[in-house]
Amino acid sequence: MKKEDFIYNNNFVAPLSGSSHWESPSNIALVKYWGKSDLQIPKNTSISFTLSKCLTNTKFDFVKKTNNSKLIDFEIYYNDNLKEDFKPKIQSFLERIVTYCPYILNYKFKINTINTFPHSSGIASSASGISALALCIMSLEKLINPKITDEYFYTKASFLARLGSGSACRSLKGSVNLWGAHSSFNSSSNLYSINFPYEVNDIFKTYHDAVLLVDKGIKTVSSTAGHNLMNNHPFGEKRFQIAQENTDKLSTILKNGDTNEFVKLVENEALMLHGLMMTSDPSYILIKPNTLRIIESIREFRFKNDIPVCFTLDAGANVHVLFPDKYSDKVYNFIETKLKVYCESNSYIKDCVGFGAKQL
Ligand code: PMV
């Protein structure tokens with residue numbers, strides 16, 4: 001679909017008031033999105049696991065305005081407390097989508113949101129938060145125009161989420177998602193994410209992701225700044241080419257269930273991401289000494305026990321530990337006894353591959 005297909009331009013009877021309520025998960029990229037042009041047009045394809053425990057729950061109340069004001073009008077709450085500091089991000093998201101959802105100008109909104117993961121855990125809440133809000137807005141669109149299909153509903157929700165925060169577009173549906181145009185995937189697009197369209201071996205459908213919270217602080221360099229540093233990066237073009245190749249390789253691995261190849265590819269992607277940060281101009285480093293201690297311990301444990309456990313990283317110091325369900329007792333025992341000491345306040349989150357967003 002083209003971006004024009006997402007512009008709402010029908011005239012249907014709009015409800016006077018109502019509400020929608022969605023819960024949406026975070027996701028972890030296996031092939032990383034790093035580098036973009038324009039409003040979150042990715043420089044390469046990415047593939048992610050949808051998570052199931054790191055969720056945002058958003059209730060969205062709307063009332064038709066009684067005046068003709070054409071200003072975006074909303075209040076944002078976190079767990080029933082007014083949050084003025086969340087406002088600029090939501091304001092800019094709503095401004096970006098108004099071309100596609102002009103009906104939002106006719107309403108006043110109350111957005112009440114809460115995360116199931118600790119608020120300042122260093123886990124980005126934008127993927128779950130923005131995708132939940134995009135789904136709430138699409139529920140309003142569905143009330144205005146009940147004829148839209150489920151497929152359009154989710155595709156447009158992903159398109160809107162992308163405008164708010166790139167990786168958020170991969171959070172709507174279950175297990176594995178792909179975003180970014182790629183010649184091996186006919187239905188792939190830079191504008192929205194799709195459910196991974198080929199066979200996925202059962203072993204990956206119950207994968208675990210233990211998120212080790214190494215540093216709960218706010219990142220010193222935002223991901224927006226990081227993406228921008230990929231323009232004119234000395235390794236940029238090569239990186240984008242490798243990511244396209246890794247997308248094909250991962251597609252084969254997901255089909256044949258080769259967990260050893262999975263380990264190699266996923267760790268390489270994570271380290272390449274941080275290598276790109278270290279070689280940007282200006283250069284910066286987001287991993288911490290404890291991130292490296294965890295990485296080394298995981299590699300040693302894997303080698304000694306012949307268990308295909310691996311790590312991946314997002315744009316921060318926390319470590320995602322990925323492993324098949326059948327090894328979960330052994331790996332959780334390893335995390336409890338050897339890894340959690342490297343986490344801030346010994347804390348980590350036991351997550352796993354999930355089924356996507358849910359309407360409540
Ligand atoms: O969606 P953003 O702008 O927060 O960028 C996400 C970037 C990574 O988490 C590092 C990789 C990814 O694909 O999610």
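**Helix packing and a few backbone details**

Helix 7 (residues 259-278) has 20 residues and, at 1.5 Å a residue, should span 28 Å, which agrees with the 28 Å between its end C-alpha atoms. The expected span here is 1.5 Å times one less than the number of residues. Helices (H or I, at least four residues) and strands (E, at least two) are DSSP runs, numbered from the N terminus. This is a predicted model, in which local features need pLDDT of at least 70 and side-chain atom pairs count only at pLDDT 80 or more, while totals for chains, interfaces and linings use all residues. Residues are numbered from 1 along each chain as its sequence is written, and side-chain values use heavy atoms, with hydrogens and water left out.

At the N-terminal end of helix 7 sits a cap: a side-chain oxygen of Asp258 lies 3.1 Å from the backbone nitrogen of Asn260. Pro282 belongs to the loop between helix 7 and helix 8 (289-305).

Now for the helix pairs. Helix 2 (residues 126-144) packs against helix 3 (residues 150-164) at an angle of about 135°, the axes being 8 Å apart. Axes are lines fitted to C-alpha atoms, for helices over the stretch in contact, and angles run from 0 to 180 degrees between N-to-C directions. The two helices are therefore oblique to each other (under 35 degrees counts as roughly parallel, over 145 as roughly antiparallel, 65 to 115 as roughly perpendicular and the rest as oblique). Their crossing is right-handed, meaning that the near helix is turned clockwise from the far one by less than a right angle. The contact (heavy atoms within 4.5 Å) includes Ile130, Ala134 and Met138 of helix 2 and Phe153, Ala157 and Leu160 of helix 3. By class, it has 11 nonpolar, 3 polar and 3 charged residues, with Ala, Val, Leu, Ile, Met, Phe, Trp, Tyr, Cys and Pro counted as nonpolar, Asp, Glu, Lys and Arg as charged, and the others, Gly among them, as polar.

Helix 3 also meets helix 1 (residues 87-97), with axes that come within 9 Å and cross at roughly 130°. That makes helix 1 oblique to helix 3. This crossing is right-handed, and Phe93, Arg96 and Ile97 of helix 1 touch Leu160, Leu163 and Gly164 of helix 3.

Helix 8 and helix 9 (residues 328-339) have axes that come within 12 Å and cross at roughly 140°, in a right-handed crossing. Ile294, Ser297, Ile298 and Phe301 in helix 8 face Lys330, Val331, Phe334 and Leu339 in helix 9; 6 of these residues are nonpolar, 1 is polar and 1 charged.

Terms used. A polar contact is a pair of N or O atoms within 3.5 Å; within protein, one must be able to donate a hydrogen and the other to accept it, and residues adjacent in sequence count only if both atoms are side-chain atoms.
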